[in-house]
Amino acid sequence: MDAPSFLFIAYGFLTSLVFVLGMLLAFMPYLMRRQECFAVTIPAAAALDPYLRQLKRRFALIMGALTLVLFAIALLLLATGADTEWDGLDWLIPSADAVLLVAYYLLMLFFRRKVQAYKQEQGWSAASQRSSAIIGSEAVSQISLRWNLLYLLVMVATLIAGILCYPAMPAMIPMHIGFDGVVSDWMPKGPAVIAFPMVIEGFMGACFTLCHWSINRARKWSDPNAPATSALAYGLYARAWNIYLLAFGLLLSASIGTLFLLSALGIASLAVMGAVLFFIIIFMVAGAIGLSIVYGQAGSRVFKRMHAPKGMPEDDDEHWKGGIIYFNPDDASLFLPERFGIGWTLNWARPAAWALVVGFIILTAGFVGTIFILVG
């Protein structure tokens, strides 16, 4: 693969992510649970309220229009920038992603205030805080953390393959390629060549295992008005994400080790390696979007035709700061489903949450330091 081809694939992939990110954010209100509208608790039956549906449409239209404008500019630069190596995209793509995220949050806050005012006007409130519990085993059994031991098998396989391939490796190993497709950094042949992909695989395995553990430890959401059915929906949602993370985590980890050794042997260039990784990441993003659309947040779309009661069994709006930060010292949960977005978040009132963040920062710093030592 020549440099221009690699450059076009790289920038084309990054440009497409602008569109994908923007459209996912635009339709986020439709992926939330019926009991929540712009991070405000409402009666499930109110999800069909004409005013609230109008607010969702306005949010989607504004975010969608902003996305299309930024995406059109990026496509124009991609189509006309061959002679300048698409230098304009270097600043446009990260800026566009940042603009989308900032606009997404500011619009959420704007519409959140409108929903809060409408909620007060309608007199929606929980007569008493009700909760539900599933007696016996979980509604859907989650896959065991032991499956993450497969990352160790990937690392062992990389070690064995590296040892076997080591005699055939050249004296200098290509390590870094720029967006222009030209190798800009090399590593002398040595033990670090074998250790390098294993360190990356180990760090990735630790990150994906942490995600798996957090999902299994998260508070299981259920609706007190339909505890069994809603718990089943959440269980299917959590299991689907666990399978997704394990499958793509192992695929990405194994691919990095395999492609690095092929590149070190001169069988495949770093440009080919980068292109393959780009396509794997595209499939990962597509898979995440697919899960979000099929399941919704916390399984909200699995049983979208469930009976919608008029009352509100619980209302914990006061614990959600800015609609996205959960702070409740009376809640023993460390992880719980996001209020406006896909996935899970931390209970920032728990000291363990801060310890977890600090530990992850230390782990990341150790990983980066190790990489610099190996390639330095």
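**Close-up views of a predicted model**

**Overview of the fold.** The protein has eight helices and eight strands, where helices (H or I, at least four residues) and strands (E, at least two) are DSSP runs numbered from the N terminus. This is a predicted model, in which local features need pLDDT of at least 70 and side-chain atom pairs count only at pLDDT 80 or more, while totals for chains, interfaces and linings use all residues. Residues are numbered from 1 along each chain as its sequence is written, and side-chain values use heavy atoms, with hydrogens and water left out. Of the 376 residues, 46% count as buried, a term that stands for under 20% relative accessible area, with exposed meaning over 50% and partly exposed in between (1.4 Å probe, protein chains only). Among contacts (heavy atoms within 4.5 Å) between residues at least 6 apart in sequence, 74% join residues at least 24 apart.

**View 1. The largest nonpolar core.** A nonpolar core is a set of buried Ala, Val, Leu, Ile, Met, Phe, Trp, Tyr and Cys residues joined through side-chain atoms within 4.5 Å. The largest has 51 residues, and those with the most contacts inside it are Tyr234, Trp241, Tyr244, Phe260 and Trp344. Its largest share, 16 residues, comes from helix 6.

**View 2. The surroundings of Trp241.** Apart from neighbours within four places in sequence, Trp241 is in contact with Ile215, Ala288, Leu291, Ser292, Ile342 and Trp344. A second, separate core of 35 residues includes Met28, Phe59, Met63 and Leu100.

View 3. The 25 residues of helix 8 (residues 351–375) should span 36 Å at 1.5 Å a residue, and the end C-alpha atoms are 37 Å apart, which agrees; the expected span is 1.5 Å times one less than the number of residues. The buried residues of helix 8 are Ala353, Phe367, Ile371 and Leu374. Gly366 also has its place in helix 8, and is partly exposed, with a relative accessible area of 35%. Gly366 and Phe203 lie 163 residues apart in sequence and 9.6 Å apart in space, C-alpha to C-alpha.

**View 4. A nonpolar surface patch.** Val156, Ile160 and Leu164 form a nonpolar patch on the surface, with about 300 Å² of accessible area together, computed by the Shrake-Rupley method with a 1.4 Å probe, only the protein chains shown counting as cover for residues. Such patches are made of residues with over 30% relative accessible area and no salt bridge, nonpolar side chains (Val, Leu, Ile, Met, Phe, Trp, Tyr) being joined within 5 Å and like charges within 9 Å; a salt bridge is a side-chain nitrogen of Lys or Arg within 4 Å of a carboxyl oxygen of Asp or Glu. Val156 lies in helix 4 (residues 150–165) and is partly exposed, with a relative accessible area of 44%.
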